Amino acid sequence: MPEQSPGSRPTLEAVAARAGVSRATASRVVNGGDGVRKPLVDKVLRAVDELGYIPNHAARTLVTRRTGAVAVVIAEPEIRIFSDPFFSQQIRGISKELTAHDTQLVLLLVEGPGDFDRIARYLSGGHVDGALAFSLHTDDPLPAITRRAGIPTVYGGRPGWTADPGDQAVPYVDADNRGGARVAVQYLRDLGRERIAHIGGPPDQTSAMDRLDGYRDVLLDVDPTLVAEGAFTVESGARAMAGLLERRPDLDAVFVANDLMASGALRVLRERGVSVPEQVAIVGFDDMDGVAEETDPPLTTVSQDIEGQGRLMARLLLRGLDRDRTGNGPAPDSVITPTTLVRRASA
């Protein structure tokens, strides 16, 4: 058996000698190749643990044709990503699932239109096995970029683009945005509220439009003066609330399309001396960590499993990569996760 000098890095030859197998067999096992009997696999893995051997990434890539990395592409500027808890919760879920499968997360951010060329080059360069993309807008070039790169992709959110009919078949994970909105507005109606306003998100994102549709499902003939547009941020929610109060000072409830905008709306109502929920009831959407329970008063909101959606996105992608490698199993299906109303003090 080859001697391993003190302090030197264990070699594949040392692993093979410790396990009593050929170097080729040891290589196939440590690099994830097929065709090795289980007793020999167990011997090699035991030798790897005993010696502390770390497989060579380049060698593993040659054997498996996999990089062991997945790109997470978020179509939003950096300042929003690091200030919005939605993104941290979703990335946490993605990271947990990828880590459990020994896969590296590579975060790619879209600060402006000029970044798409950089992202396209990276995705086409063989650096990652697939991509997870979310917070897309209807005119987003990312679907076309991932298609040209030829890499498997799972989307966060229902696709809203129509540039290529083939894109509609890609798997995605989303919450029941429309159903959750219906539950929220019906709850306000059941409280006896008659002039229910809505602060929506950007009209070029499907989640915002689905929540607006859910609001309209319940109220049918909506007075347009009761609808305001926001941008899923605290300040946009505050501006929208101020505008609603100017147009419709008689409103008695607001369904807000996310918790950050709801927190901005609550701030404006507090500054104007409007009591919540006595004069105006507020319901949000998301049940974000560090937001919904921290508002004044604590926010009644529609809860979605944001972290769980991240895990599902990663799971669908990894399942698709295994299917591409083995040729076995069905193509991954899209998943719509349920939403629930969480009652707190704002309504």
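Predicted model: local features only at pLDDT ≥ 70, side-chain atom pairs only at ≥ 80, totals over all residues.
Me: Which residues is Thr300 in contact with, leaving aside neighbours within four places in sequence?

Reply: Among them are Tyr187, Ile282, Val283, Gly284 and Leu341. The list also includes Arg343, Arg344, Ser346 and Ala347.

Me: How do you know whether Asp287 is buried or exposed?

Reply: The limit for buried is under 20%. Asp287 has 18% relative accessibility, so Asp287 counts as buried. Asp287 lies in the loop between strand 9 and strand 10.

Me: What does the side chain of Asp287 make a polar contact with?

Reply: The partner is the side chain of Arg344, at 2.9 Å. That value is within the 3.5 Å cut-off, so the pair meets the distance limit. Asp287 also touches Asp259, Ala292, Thr301 and Val342, among others, not counting residues up to four places away in sequence.

Me: Why does Leu191 count as partly exposed?

Reply: Partly exposed runs between the buried limit of 20% and the exposed limit of 50%. Leu191 has 41% relative accessibility, so Leu191 counts as partly exposed. Leu191 lies in the loop between helix 9 and strand 6.

Me: How far apart are Leu191 and Ala347 in sequence and in space?

Reply: They are 156 residues apart in sequence. In space they are 8.4 Å apart, C-alpha to C-alpha.

Me: Why is helix 12 called largely enclosed?

Reply: Of its 13 residues, 10 are buried, so helix 12 is largely enclosed by the rest of the structure. The buried residues include Asp259, Leu260, Met261 and Leu269. Their cover includes helix 6, helix 11, strand 6, strand 8, strand 9 and strand 10.

Me: How do the reach of helix 12 and the expected value compare?

Reply: Helix 12 reaches 18 Å from its first C-alpha to its last. The expected value at 1.5 Å a residue is 18 Å, and the reach is close to that. Just after helix 12, Gly273 takes a positive phi of about 75°.

Me: What covers the buried residues of helix 10?

Reply: The cover includes helix 9, strand 6, strand 7 (227–229), strand 8 and strand 9. Among the buried residues are Thr206, Asp210, Leu212, Tyr215 and Val218. Helix 10 has 14 residues and reaches 20 Å, close to the expected 20 Å.

Me: Which residues have the most contacts inside the largest nonpolar core?

Reply: They are Ile199, Met241, Leu251, Val254, Phe255 and Ile282, in a core of 44 residues. Helix 9, strand 6, helix 10, helix 11, strand 8, helix 12 and strand 9 each supply at least two residues of this core. Another core, of 24 residues, lies apart from it; Leu98, Val154, Met288 and Leu317 are among its residues. In soluble globular proteins, nonpolar side chains tend to be buried together.

Me: What is the strand order of the open sheet of six strands?

Reply: The order is 2-1-3-4-5-11, with parallel pairing.

Me: Why do strand 2 and strand 11 stand at the edges?

Reply: Strand 2 (104–109) and strand 11 (335–337) each have a single partner strand, so one side of each is left without a neighbour in the sheet. On average, neighbouring strands of this sheet are turned by 20° against each other, direction ignored.

Me: What makes strand 5 and strand 11 a pair?

Reply: Pairing needs at least two bridges. Strand 5 (residues 172–175) and strand 11 have three bridges, in the parallel sense, so they pair. Val173 has Val335 of strand 11 as its bridge partner.

How values were computed: Residues numbered from 1 in each chain as written. Heavy atoms only, no water. Contact = heavy atoms within 4.5 Å. Core = buried A, V, L, I, M, F, W, Y, C linked by side-chain atoms within 4.5 Å. Buried < 20%, exposed > 50% of the residue type's maximum accessible area, 1.4 Å probe, protein only. Helix = DSSP H or I, 4+ residues; strand = E, 2+ residues; numbered from the N terminus. Axes fitted to C-alpha atoms, helices over the stretch in contact; angles between N-to-C directions. Expected span 1.5 Å × (residues − 1). Polar contact = N/O pair within 3.5 Å; in protein donor to acceptor, adjacent residues only side chain to side chain.
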